[in-house]
Each structure stands twice: as C-alpha cells, then as structure tokens.
Amino acid sequence: MTASSYAALVPELSCSDFQTSLVFYTDKLGFEVMHGRPENGFAYIALGKAQIMLEQSNGFWSTGELQKPFGRGINFQILVNDVEQLYELVVSQNIPVFANLETSWYRIDQREHGQREFLMQDPDGYLLRFSEDIGDRPVR
C-alpha cells in the first residue's frame, strides 16, 4: 500500500484473540488483508473503501481496562455495495445480528438520505453497521 491508499481515519481495534478476529473479518465477512504482521498479532484489512486495523490487545495504548463488549458507545458504519448479499451471508453462517436489515432515512437539512443497513457485533463486541446508500429524497 502507498500512503495515498490509506483512509484518512482508520480505527485500530484491540482484539482479545487476534486470530479469531482475523478469521471473522476475512473468512466470514470478506475483508482482505492489505498487510500484516502476524508475528505481532496485527493486520490492516479492507472491505471496499473501508479500512480497519486489528491488533492483539497488548496494553500498549490502553486508556483503561478492556471489558467486553469492547467499543461501548461507538458503532462503525461500513459502506458496502450490496448490503443485502452481506446480510444473507451473515445470517447463513448463523452469526448473531444486533439489528436486522432495514431501510433508514436520515434528515440532512431539507433532504433525507436513505440507506439499507443492519448491525452486528464482532467477536469482541465492536458494533458494526453495514450500510448501502439508496439515495436522497425531499423531507416529508
């Protein structure tokens, strides 16, 4: 990867079991490893334009004790091209869904932005919101 191919904001998720998380993201959700240091329990992964770093929890930058579910108070919106296909993949693998696939409209000034979305948690409890853009409409 070159410096220009990195997203401007990339969350680095501490993992209680790096290998379990890596398999979850790559084998179950379709993320690709862009680069990694498996000997250090680290991988930089991507799904489309979304990028995440996974790291075995090591206390290096910990601001407090990690307790599951990790990432309380945050959800990561990940834009995908076909959210229904990903939702069906998740359900077919019996991965628990936090919020089922639905259409949501969010007001932005005098327009509403629509997206199809569902939420699930990764092995450490990070909340992932997979979304697909369905366009805009006037506020009703």
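How many residues lie between β6 and β7 in their hairpin, and which residue in the turn has a positive phi? Here are a few notes on this predicted model, starting with that turn.

1. The hairpin of β6 and β7 has two residues between the strands.

2. Moving from the turn to the strands themselves, β6 covers residues 97-108 and runs antiparallel to β7. Nine bridges join the two. For a handy landmark across this pair, look at A99, which stands opposite L119 in β7.

3. On to the next partner: β7 is also joined to β8 (residues 127-138), again in an antiparallel arrangement, by 11 bridges. Here M120 stands opposite L128 in β8. The hairpin of β7 and β8 has five residues between the strands, and G125 takes a positive phi near 95° there.

4. Is β7 largely enclosed or open? Of its 11 residues (111-121), eight are buried, so the strand is largely enclosed by the rest of the structure. The cut-off behind "buried" is a relative accessible area under 20%.

5. Finally, a look at a loop residue. N81 sits between β5 (75-79) and α2 (83-92). Its relative accessibility is 76%, so N81 counts as exposed, given that exposed means over 50%. In sequence, N81 and E132 are 51 residues apart, yet their C-alpha atoms are 6.0 Å apart in space.

Notes. Residues numbered from 1 in each chain as written. Predicted model: local features only at pLDDT ≥ 70, side-chain atom pairs only at ≥ 80, totals over all residues. Heavy atoms only, no water. Buried < 20%, exposed > 50% of the residue type's maximum accessible area, 1.4 Å probe, protein only. Helix = DSSP H or I, 4+ residues; strand = E, 2+ residues; numbered from the N terminus. Pairing = 2+ DSSP bridges.
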